[in-house]
Amino acid sequence: MPKVQGRRRFLQKSAALAGLAVAPASVVLGSPAAAPNALPLVQGDGTVDDVNSTEAVLYGRRSPYANTLRRLEGSMNPDSATPRPNPTRQGAKTPLGELTGIITPSSLHYTTQHFYGIPTIDPASHRLMIHGLVERPLIFSVDELKRLPFVSRIYFIECIGNRPNPQGRTVADTHGRAACSEWTGVPLSVLLNETGVKAGAKWILAEGGDGGKHGKSVPLPKALDDCIVAYAQNGEAVRPDQGFPLRLVVPGMEGIYQVKWLRRIKVVDQPYLTFQESSRFLHEDPKTQLDSYEFGPKSVITYPSGSQRLNGRGTYNISGLAWSGAGVVRKVEVSTDGGKTYKDAQIAGQVFPKAFTRFYYPWNWDGEEAVIQSRCLDEKDQMQPSEEEFAKYWGWTRQQMYQASNTTMGHCNWIQAWKINRSGDVTNGLPPVAITITDMHEDHR
Ligand SMILES: Nc1nc2c(c(=O)[nH]1)N[C@H]1C(S)=C(S)[C@@H](COP(=O)(O)O)O[C@H]1N2
Ligand SMILES: [Mo]
């Protein structure tokens with residue numbers, strides 16, 4: 001670090017001597033005083049921190065001033081949360097409050113806790129077997145799959161454990177178990193067309209290559225509709241966290257459907273209720289559907305959101321994400337008075353079905369306390385519910401609602417509010433509720 005300062009001083013000095021403006025030198029080197037603590041500065045000596053190093057030229061690197069990271073699971077409220085048991089590996093959430101647009105950088109795509117860890121799979125020896133109620137059982141290598149017709153489509157992936165709540169400090173805490181990527185791969189319909197499907201086939205059972213053999217039943221009509229056997233994510237190979245070398249993408253449906261490290265598809269006549277399905281998703285409450293399929297309409301404001309700060313009154317763009325498992329987002333509305341009135345938000349960019357949709361709402365903050373929130377209407381004319389409406393449907397108090405395990409309740413898509421105080425600090429806008437479980441999540445085995 002002294003090296004950088006020294007060099008900068010030298011540049012300033014020589015610039016002054018040469019009668020040149022100082023600004024370009026400090027733009028190139030950055031300002032050491034403003035550098036976030038504990039982050040590497042540009043070394044200038046050929047180490048990996050150097051933007052000019054071979055490594056950086058070959059795979060790129062971030063500015064030391066761009067330091068957005070995933071947020072570890074179990075850290076929802078650092079004051080009260082007990083970190084989740086971590087026998088093998090921690091999970092981490094998407095830092096939605098620090099991202100723009102609709103694509104989640106692959107490195108920041110949330111990753112769930114996996115009790116069996118993340119397998120390291122050699123794509124050269126990996127196979128996908130399709131068998132069961134088919135005319136011709138087939139085994140595909142990854143190379144063979146890449147020779148077939150393919151699609152690239154943008155879809156969100158969301159864990160059923162993604163739930164708005166009054167505890168979360170940031171939008172990563174409240175909504176970070178969701179992300180959106182461009183997925184490239186072979187439509188599953190192409191593969192099932194190759195194998196042929198026998199009469200009586202009604203479901204498929206997809207299995208992953210992790211230690212727990214994660215399995216999920218998918219209705220055959222959905223399998224033949226828009227599912228993808230994906231080998232690429234955001235233009236490069238699917239990351240190990242996301243299922244390298246093959247992942248099943250089942251657009252709009254719960255996280256559990258998106259089988260990673262995909263190695264087997266069995267065409268069957270009924271849903272199989274695998275270990276993961278039955279251990280996590282079956283409950284006695286008749287309002288809990290055995291299989292709840294596609295997510296409903298959901299949205300959240302990502303700026304300004306919890307832990308962020310407005311720097312004085314004036315004009316801001318309230319911005320956020322909306323999505324629905326039902327298809328496209330038809331409309332997003334924003335309220336700046338705690339839900340009393342709503343106005344239409346602008347949609348930034350294109351709207352894709354079952355993908356994140358970016359919205360914004362130009363707002364003149366008068367410096368007074370405000371509660372801001374958004375709601376989404378989807379192509380099936382479903383409106384995102386308020387917390388009150390959701391609680392009423394279940395016949396629960398707020399206390400019961402936040403105390404219940406996620407998977408008992410199904411899809412948690414109610415409205416998340418953020419509160420801005422007079423000094424511009426943003427905190428969670430849902431009224432506090434006393435609960436003893438502080439970071440609920442489905443069980444990942
Ligand atoms: N093979 C396998 N696939 C899996 C899982 C798993 O444990 N094993 N977890 C599922 C769950 S519950 C979720 S929420 C998503 C998470 O996907 P991501 O890690 O790419 O964000 O993967 C799904 N696919
Ligand atoms: Mo999940």
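In which sense, parallel or antiparallel, do β3 and strand β12 (residues 262–268) pair, and over how many bridges? In this predicted model, β3 and β12 pair in the parallel sense over four bridges, where two strands count as paired if DSSP finds at least two bridges between them. Within this pairing, Ile130 stands opposite Ile265 in β12.

The model is predicted, with local features requiring pLDDT of at least 70 and side-chain atom pairs pLDDT 80 or more, while totals for chains, interfaces and linings use all residues. Residues are numbered from 1 along each chain as its sequence is written, chains are lettered from A and ligands numbered from 1 in the order in which they are written, and side-chain values use heavy atoms, with hydrogens and water left out.

## Overall make-up

The secondary structure of the protein comes to eleven helices and 21 strands, which are DSSP runs numbered from the N terminus (helices H or I of at least four residues, strands E of at least two). Of its 445 residues, 52% count as buried, a term that stands for under 20% relative accessible area, with exposed meaning over 50% and partly exposed in between (1.4 Å probe, protein chains only). Among contacts (heavy atoms within 4.5 Å) between residues at least 6 apart in sequence, 73% join residues at least 24 apart.

## Strand pairing

Strands of a sheet pair through backbone hydrogen bonds, either parallel or antiparallel. Strand β3 (residues 127–132) also runs antiparallel to strand β4 (residues 138–141), to which four bridges join it, and a hairpin through five residues connects β3 to β4. Further strand pairs in the antiparallel sense are set out below, together with this one.

| Strand pair | Bridges | Residues standing opposite |
|---|---|---|
| β3 and β4 | four bridges | Arg127 and Ser141 |
| β13 and β14 | five bridges | Ile301 and Gly320 |
| β19 and β20 | four bridges | Ala370 and Ile420 |

Strands β19 (residues 370–378) and β20 (residues 417–420) belong to an open sheet of five strands, in the order β16-β15-β19-β20-β21, whose pairing is antiparallel. The edge strands of this sheet are β16 (343–344) and β21 (426–428), each of which pairs on one side only. Strand β13 (residues 298–303) is largely enclosed by the rest of the structure, because five of its six residues are buried.

## Nonpolar cores

A nonpolar core is here a set of buried Ala, Val, Leu, Ile, Met, Phe, Trp, Tyr and Cys residues joined through side-chain atoms within 4.5 Å. The largest such core has 32 residues, of which Phe356 and Trp363 touch the most other members. At least two residues of this core come from each of β5 (151–158), β6 (178–187), β13, β14, β15 (329–335), β18 (357–365), β19 and β20, and the largest share, five residues, comes from β14. Domain 1 (106–287) and domain 2 (298–428) each contribute at least three residues to this core, the domain bounds coming from an automatic or database domain assignment. Apart from this core lies another, of 31 residues, among them Leu191, Ile204, Ala232 and Leu262. When residues up to four places away in sequence are not counted, the contacts of Trp363 include Tyr316, Ile318, Ala370, Ile372 and Ile420.

## Aromatic rings and charges

The structure holds eight aromatic pairs, in which ring centres of Phe, Tyr and Trp (its six-membered ring) lie within 6.5 Å, planes under 30 degrees apart counting as stacked, over 60 as edge-to-face and the rest as tilted. One of these pairs is formed by Tyr393 and Trp394, edge-to-face at 5.5 Å centre to centre with 85 degrees between the planes. Trp394 is buried, with a relative accessible area of 8%, and ring pairs link Trp394 with Phe390, Tyr393, Trp396, Tyr402 and Trp414 into a cluster.

A charge sits over a ring if NZ of Lys or CZ of Arg is within 6 Å of the ring centre and within 35 degrees of the ring normal. The charged end of Lys216 is placed in this way over the ring of Tyr257, 4.1 Å from its centre, and Arg375 lies over the face of Tyr342, at 3.8 Å from the ring centre.

Lys93, in strand β2 (residues 92–93), is buried with a relative accessible area of 1%, and its C-alpha atom is separated by 6.5 Å from that of Glu73, 20 residues apart along the chain. Gly161, found in the loop between β5 and α5 (171–175), is buried with a relative accessible area of 0%.
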